[in-house]
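Opening the notebook on the two ligands today. I want to see what surrounds each one before I plan anything else.

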Amino acid sequence: MSLLDYIDQDRLPKHIAIIMDGNGRWATNKGFERGEGHKEGVRAISRVVEAASKASVQYLTLYAFSTENWNRPAEEVNGLMDLMVYAISEETEKLKKNGVKITCIGDMARLPEYARTALTECIRQTEKGTRITLNIALSYSSKWELTEATKRITEDVVNGVLSKDDISEETISMYLTTRGIPDPDLLIRTGGEQRISNFLLWQCAYAEFFFTEVYWPDFGEKDLYEAIIDFQGRERRFGKISEQIEFNNVESKPDKEQ
Ligand code: IPE
Ligand code: IPE
Ligand code: MG
């Protein structure tokens with residue numbers, strides 16, 4: 001029996017977000033250059049996308065490169081961009097075949113032209129995928145996203161497109177890069193750190209957190225399924241008390257009407 005058989009299909013997290021951390025330490029511990037860890041990290045992405053789609057998870061958001069990561073040594077940043085373009089072009093056909101739809105959140109304007117072009121092409125080629133949405137957070141940070149959203153909301157209020165009194169939580173969600181994607185139910189961070197590093201601050205308001213010591217390049221199907229099973233053992237109360245919670249309540253939205 002595989003761990004997959006222990007996953008309750010009626011209580012699946014619809015959206016899993018992962019902070020893929022630990023590539024550098026994985027490589028250093030083995031006496032390799034950090035870049036080797038990033039290469040191995042790409043292999044882990046393939047495994048985890050396959051595993052998530054086998055478990056019928058609908059949305060998977062992977063934190064691949066943060067706004068703050070631009071401050072790393074140029075050599076590492078350039079290596080990561082090259083690796084990303086290479087991985088995208090290598091994987092596009094397979095993603096398409098497996099029904100994976102690629103979407104991207106982040107400040108694409110900061111990406112080098114060749115990386116942006118490769119990504120746009122992959123998004124276009126996979127747009128009909130219906131099995132799972134793989135959302136890549138690239139050049140992304142939550143504070144950047146919230147700042148941009150605030151600017152656009154202000155602009156729309158000034159231009160009379162939006163009335164100040166109509167701004168609700170839903171309006172704000174509509175101005176975020178994750179518009180149309182349900183909030184993550186489960187946030188996983190690999191690599192042993194227990195912090196959120198500027199990732200989906202608004203969207204993770206009620207996510208369940210799962211931290212693991214496993215470095216991202218070592219993360220695989222078994223680790224993902226363990227995290228899902230752990231998630232399924234939790235009670236999501238959304239501010240209520242235990243007695244008010246139905247057994248099946250794993251949905252991402254608190255019921256504000258009650
Ligand atoms: C995560 O691994 C990948 C990126 C941030 C691009 P790290 O590169 O942060 O690996 P550690 O944390 O240094 O081990
Ligand atoms: C977070 O990892 C960003 C990504 C995984 C892409 P970092 O390794 O950059 O996080 P901090 O800076 O140590 O918190
Ligand atoms: Mg790190």
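This is a predicted model: local features need pLDDT of at least 70, side-chain atom pairs count only at pLDDT 80 or more; totals for chains, interfaces and linings use all residues.

Ligand 1, other polar contacts. I found a polar backbone atom of asparagine 23 at 3.1 Å from an oxygen atom of the ligand. Arginine 72 comes in with a side-chain N or O atom, 2.7 Å from a ligand oxygen. On its own ligand 1 exposes 380 Å², and the protein buries 87% of it.

Ligand 1, shell. Helix 1 (23-29) and helix 2 (34-54) each give at least two residues, and helix 1 has the largest share, with three. I sorted the shell by class and got three nonpolar, five polar and four charged residues. His38 and Leu80 are among the residues around this ligand.

Ligand 2, polar contacts. A polar side-chain atom of arginine 195 is 2.6 Å from a ligand oxygen. Asparagine 69 has a side-chain N or O atom at 2.9 Å from an oxygen of ligand 2. Arginine 72 turns up here too, its side chain placing an N or O atom 3.3 Å from an oxygen of ligand 2.

Ligand 2, shell. Strand 2 (residues 59-66) gives the most, four residues. By class I noted five nonpolar, three polar and four charged. Tyr63, Phe65 and Arg189 are among the residues around ligand 2.

How values were computed:
Residues are numbered from 1 along each chain as its sequence is written. Chains are lettered from A and ligands numbered from 1 in the order in which they are written. Side-chain values use heavy atoms; hydrogens and water are left out. A residue is near a molecule or strand if one of its heavy atoms lies within 4 Å of it. A polar contact is a pair of N or O atoms within 3.5 Å; within protein, one must be able to donate a hydrogen and the other to accept it, and residues adjacent in sequence count only if both atoms are side-chain atoms. Accessible areas come from the Shrake-Rupley method with a 1.4 Å probe; for residues, only the protein chains shown count as cover. Ala, Val, Leu, Ile, Met, Phe, Trp, Tyr, Cys and Pro count as nonpolar, Asp, Glu, Lys and Arg as charged, and the others, Gly among them, as polar.
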